[in-house]
Amino acid sequence: EQAFLYPHSPQRQDMLGASVAVDADVAVVGASNRETLNINSGSAFAHDISVLNLSFDSSETTVVEGNILEVPLTVDVADAPLIVGVMSMERNVDVFWLNYLDDLFSFRTSEQFTPGRTSIDLLTHTTAYGGREEARSGWVDGFFDYYVTNETILIDKGQNQSSVLFKSMNDGIYEGPAGENTTIQIHLPGIFGSQIGNLSTAIVIKDDVSTQSRTYYDKLIRDGARDGDGNGLAIDIDEEYMITGGQGMVHIFQREKDWSYTTTLISPDPSFGAAAAINTPYGRADTTVLVGAPDQVKALLYVLDGDTASWTLQGTLMPFGDTNVSVRPEHGFGKSIALNGDIAFAGCASLETVYAYKRRYSQEEEKFEWVPWKTIRSGEFDFDDTDRQEGFGSALASNKRTVLVGAPFAGNGKGKVYVFSSKPHVQQIVLRSDEVPKKGSFRLKLSEHPIPATTGISGLLPHNATPSEMRHALEEAVNIGEVH
């Protein structure tokens with residue numbers, strides 16, 4: 001099987017192939033029911049099949065990513081000049097080709113293929129992604145696996161060899177032992193090369209080995225790990241610390257030169273560890289861990305004691321506010337969490353609510369505590385419509401004053417991500433003087449913050465300090481965090 005003869009503009013019920021004839025390099029195919037000039041008069045298609053004199057030398061060729069491959073073509077007979085097209089067959093081809101394949105192979109793309117898959121995926125089993133140099137849509141780090149091949153080749157009379165250039169990309173991703181593959185094939189209008197014939201060849205892109213270290217760095221396994229621990233159900237990283245959640249436990253790792261296991265926090269509740277987050281506030285050493293325990297309708301906060309290198313429970317987060325339903329384990333409070341500085345978030349997607357908490361110092365208790373702050377809901381939240389579920393709060397991410405809230409079922413399953421932000425805390429500094437300072441420098445002192453008897457002194461500030469100099473000087477005070 002070398003090729004299919006199929007009209008470049010097919011019609012339904014053409015009855016193509018009702019009659020056939022061939023002589024030398026010309027094939028004639030009858031289509032007795034073809035509509036021409038609005039009547040079913042039938043037609044005959046004449047195909048120049050001299051393209052069958054071309055063949056790729058191999059059914060499969062290998063290239064190391066980042067290199068250019070010259071794919072050889074053999075010309076058996078070239079009695080006259082021949083112009084053919086060569087193209088790579090992958091999911092980013094023009095829509096015309098996808099429709100053409102649907103017609104040729106009777107695919108029903110909308111029914112047979114999930115979003116992100118096409119008829120070409122089934123036909124060629126391609127795993128590589130192609131892109132165009134002039135329009136780099138980008139897959140990973142702005143790269144793709146190879147440049148799309150779509151060129152025209154002229155075979156001169158008497159020529160017996162030719163070639164196609166295939167340019168692969170080093171995308172910085174480990175390709176796996178089997179590599180990734182795509183297919184390039186020769187084509188002419190009305191002639192489609194078979195995937196098992198000589199007009200197509202598979203290109204296998206192998207890894208260049210050097211990228212492996214960028215993809216695989218270390219495997220995090222604690223001593224004494226057992227089957228069923230579920231390590232990796234949840235994961236978060238913050239500079240030198242990483243946390244992985246399991247069933248009834250979370251494991252904490254620290255990076256110096258390499259990652260090393262430090263400790264495990266354990267609970268008899270198997271849901272403990274369903275979500276996990278870790279964060280070290282800017283300019284401080286009190287690394288904090290937040291662990292979701294949805295079966296307890298709780299999320300627990302632990303803080304690292306720098307003196308003893310141990311983790312102590314600092315607070316427990318629970319639902320609060322005007323929720324008109326008693327929050328139960330099946331509502332999933334704490335299945336999604338986020339932590340940044342002194343702000344923590346816990347999602348409860350079944351109730352379409354995200355709860356926000358703040359850390360503050362209690363003068364009465366003489367310790368830090370976590371207190372309820374705000375409840376966050378979408379602008380489409382309806383207390384009375386309990387059947388409409390967006391999944392608001394299914395996923396959370398937080399950085400500084402911004403929190404992202406995933407709602408995967410919004411819009412009848414299309415999904416949506418909401419972005420919320422809070423106003424910054426503003427501390428006004430007023431310098432009073434009998435006259436405008438023209439020289440000299442000074443420091444600022446902040447007392448009784450956040451703990452009584454705690455005093456912070458800024459770095460040296462010149463009299464004409466710029467905003468950047470002011471920021472860096474203030475952050476030198478031991479009781480001041482990040483300044484914007």
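**Exercise 1.** Find which residues Asn-53 touches, leaving aside those up to four places away in sequence, and decide whether Asn-53 is buried or exposed.

*Solution.* Let's start with the contacts in this predicted model.
- Step 1: Beyond its sequence neighbours up to four places away, Asn-53 is in contact with Asp-25, Thr-74, Val-75, Asp-76 and Val-77.
- Step 2: Now place the residue in the chain. Asn-53 belongs to the loop that links strand E4 (43-48) with strand E5 (54-56).
- Step 3: The relative accessibility of Asn-53 is 17%. Buried means under 20%, so Asn-53 counts as buried.

**Exercise 2.** Work out the order of the three strands in the open sheet that contains E29, and say which strands stand at its edges.

*Solution.* Follow the strands one by one.
- Step 1: The order is E28-E29-E30, with antiparallel pairing.
- Step 2: Strand E28 (395-399) and strand E30 (416-421) each have a single partner strand, so they stand at the edges, and one side of each lacks a neighbour in the sheet.
- Step 3: On average, neighbouring strands here are turned by 15° against each other, direction ignored.
- Step 4: Zoom in on one pair. Five bridges join E28 to strand E29 (residues 402-407) in the antiparallel sense; in one of the bridges to E29, Ala-397 is partnered by Leu-404.

**Exercise 3.** Describe the second largest pocket by its volume and by the residues of its lining.

- Step 1: Sorted by type, the lining residues are five nonpolar, three polar and four charged.

Definitions and conventions
Residues are numbered from 1 along each chain as its sequence is written. This is a predicted model: local features need pLDDT of at least 70, side-chain atom pairs count only at pLDDT 80 or more; totals for chains, interfaces and linings use all residues. Side-chain values use heavy atoms; hydrogens and water are left out. On a 1 Å grid over the protein atoms alone, a cavity is a set of points where a 1.4 Å probe fits but cannot get out, and a pocket is an open set with protein on both sides within 12 Å along at least five of seven lines; lining residues have an atom within 4 Å of a point. Grid points are joined across faces, edges and corners, and a volume is the space filled by probe spheres set on the points. Ala, Val, Leu, Ile, Met, Phe, Trp, Tyr, Cys and Pro count as nonpolar, Asp, Glu, Lys and Arg as charged, and the others, Gly among them, as polar. Helices (H or I, at least four residues) and strands (E, at least two) are DSSP runs, numbered from the N terminus. Buried means under 20% relative accessible area, exposed over 50%, partly exposed in between (1.4 Å probe, protein chains only). Contact means heavy atoms within 4.5 Å. Two strands pair if DSSP finds at least two bridges between them. Axes are lines fitted to C-alpha atoms, for helices over the stretch in contact, and angles run from 0 to 180 degrees between N-to-C directions.
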